[in-house]
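User: Could you take a close look at one part of this chain for me, and walk through what surrounds it? I'd like the cut-offs spelled out as you go.

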Amino acid sequence: TGYQPGHVFALEIEHPNDETSNIPNAKSNQNAADNGGWMRGPYTISRGTENSFDVLMKVVGDRSKAFSLAPIGTSVRFGGKFHTPIIDGIEKDSTKRVVLLSTGVGVGPCVGAIEDALK
């Protein structure tokens, strides 16, 4: 995939259209209606390889709830690559120390960037 920690991309999950979905929010329903039945949102890559990527999520809304409740095999879509990966934004030759500050799920890209830097 070529994604690295710090890349932001669009991640989509199909809106569950049944009564048991527990996702009644009008905003989520509109998001799905606007995107052909898919709930779409921006997420930040925590780790990435050529064949896979990780995203750290905190369940705080309908979209993240849909991801957390999705059974194995649920279709997801992703696309786009926005922002500079964290490591690419650091001048390695002239930088002696780097401080990464984050809160909540923002720690994911920082951990991935540290792991990449230590390779």
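Analyst: Happy to! The accessible surface of the chain comes to about 8000 Å², with 53% of it belonging to carbon and sulfur atoms (Shrake-Rupley method, 1.4 Å probe; for residues, only the protein chains shown count as cover). This is a predicted model, in which local features need pLDDT of at least 70 and side-chain atom pairs count only at pLDDT 80 or more, while totals for chains, interfaces and linings use all residues. Residues are numbered from 1 along each chain as its sequence is written, and side-chain values use heavy atoms, leaving out hydrogens and water.

Three helices and four strands make up the secondary structure (DSSP runs numbered from the N terminus: helices are H or I with at least four residues, strands E with at least two). Their order along the sequence is β-α-β-β-α-β-α. Of the 119 residues, 29% count as buried (under 20% relative accessible area; exposed is over 50%, partly exposed in between, with a 1.4 Å probe and protein chains only).

The part I'd zoom in on is helix α1, residues 26-34, where Ser28, Asn31 and Ala32 are buried. These three lie on the same side of α1 because they cover an arc of only 95° around the axis (taken from the directions from the helix axis to the C-beta atoms). An α-helix has 3.6 residues a turn, so residues three or four places apart point the same way. Turned away from that buried side is a face with the exposed residues Ala26, Lys27, Ala33 and Asp34.

What lies over the buried residues? The cover includes β2 (38-48) and α2 (62-69). Ala32 also belongs to the largest nonpolar core, whose 10 residues include Tyr3, Met39 and Phe67 (a core being buried Ala, Val, Leu, Ile, Met, Phe, Trp, Tyr and Cys residues joined through side-chain atoms within 4.5 Å). At least two residues of this core come from each of β1 (8-14), β2 and α2.

Past the helix, Asn35 is found in the loop between α1 and β2, and it counts as buried because its relative accessibility is 16%. Setting aside neighbours within four places in sequence, Asn35 is in contact with Arg40 and Arg77 (heavy atoms within 4.5 Å). Asn35 and Glu12 are 23 residues apart in sequence, with C-alpha atoms 9.2 Å apart in space. Just after α1, Gly36 takes a positive phi of about 65°.
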